[in-house]
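The entries follow in the order of the look-ups.

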Amino acid sequence: MNIAVKDVWKTYGAFHALRDVSVEVPKGELVALLGPSGSGKTTLLRVIAGLEAPDAGSVLYQNDDVTQRTARERNVGFVFQHYALFSHLNIYENIAFGLRIRKWKRDAIEERVRDLLRLIQLEGLEKRHPSQLSGGQRQRVALARALAPQPQLLLLDEPFGALDAKVRQELRVWLRRLHDEQHITSVFVTHDQEEAFEVADRVVVMDKGRVQQVGSPDEIFAHPANDFVIDFLGGVNVFHGRVENGHAHLGELVVPYPEYSDQRPLPATAYIRNHELDIDVRPHGHSNLEARVLRINRTGASVKLNLAAPERDVTAELDHGRFEELGVRTGDKVYLYPRHVRIFVEPEFQTADLRSEALL
Ligand code: ADP
Ligand code: MG
């Protein structure tokens, strides 16, 4: 089922929780709503579910306007961060609960619950109570319970938020596999970009009640739409400087900025990703930043270097091969060369995407 949210506004008193939000969830896709705490993710999910009425705008299920319909009528499955399992019911009865309410026949319930127990890999544990399961197992039961009445849409609000890192990681992989088998249209809320990028087909990045960007994980990573998205993705060095005369001045670093040839300086913010900052032991080419190596961390997939540049510290990530080739050690003087600089000029918000050809 396709879901469309159109021009939705939602206020709580004077506070705008959603500002003109439009989002599409294509049939069978798993879409993540990603953003910091308070950005409006839960509110949007509740509007999609029918648990919250928008002040303006509409919600369409398969081109059918359901804005005025209750959550019950919309037939959605819901999974929350905190296990909403019934502690006095065993696992079997927790999963069967929605089916009994809907007056399914005894045999049909038995078959459906058995199928779901198999799906969540908890066969044999159906007699246990929620308190006798691990956190990860409980969230799998919550998911089975949500899926039991065969909802048209599955909504998950930070479902793994209360679990430890290792279990979270396992459940992500498991959820993605489950989605690929079941093809149920799903919306997944998270504040964890790694989780969103790993699980979702499409990511909706939100901030302050607005949609900042919509795209596949690859698109968002390669072409972040604005400074909020870049900052939120992390792994970047942020430089504050100015643009004038066709150049951006970022401390000692000067890079071309042909978009602005005026003499009058404008404040600008530049973003250089850690892995787009190259290092050399000798100066070459155009502009560079001189820095000293403070710390080297070789334990990850890439080598992370903390560097003291003239006005600030920066971080660079090199692949192990390049690092070995350079042979740098803590305390060495090096030269930094950005391969890619993204510049955002205030207040015009003109942007430039400068690739290495322009920089080296
Ligand atoms: P998120 O899920 O992204 O953390 P929410 O959608 O829960 O964000 O909340 C967005 C903003 O709306 C928050 O600042 C929150 O305080 C406010 N808010 C949410 N629900 C209510 C409510 N029922 N009454 C008043 N303010 C609310
Ligand atoms: Mg929330």
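Predicted model: local features only at pLDDT ≥ 70, side-chain atom pairs only at ≥ 80, totals over all residues.

Entry, ring pairs. I looked up the aromatic pairs and found five in the structure. One of them is Phe86 with Phe97, a tilted pair with 4.6 Å centre to centre and 50 degrees between the planes. I then checked where the two residues sit. Phe86 is in the loop between strand E6 (76–79) and helix H3 (91–101), while Phe97 is in helix H3. They are 11 residues apart, and the pair links distant parts of the chain.

Entry, accessibility of that pair. Phe97 has 33% relative accessibility, which lies between the 20% and 50% cut-offs, so I put Phe97 down as partly exposed. I put Phe86 down as partly exposed too, at a relative accessible area of 27%.

Entry, a pair within a helix. I looked up Phe228 and Phe232 next. Their ring centres are 5.6 Å apart and their planes are at 15 degrees, so I logged the pair as stacked. Both residues belong to helix H9 (residues 227–233); because they are four residues apart there, about one helical turn separates them. Phe228 has 18% relative accessibility and therefore counts as buried.

Entry, charges over rings. I looked up which residue places its charged end over the ring of Phe221. Arg273 does, 4.1 Å from the ring centre. For Phe239 I noted Arg312, which lies over the face of the ring at 4.3 Å from the ring centre.

Technical notes
Residues numbered from 1 in each chain as written. Chains lettered and ligands numbered in written order. Heavy atoms only, no water. Phe/Tyr/Trp six-rings, centres within 6.5 Å; stacked < 30°, edge-to-face > 60°. Helix = DSSP H or I, 4+ residues; strand = E, 2+ residues; numbered from the N terminus. Buried < 20%, exposed > 50% of the residue type's maximum accessible area, 1.4 Å probe, protein only. Lys NZ or Arg CZ within 6 Å of the ring centre and 35° of its normal.
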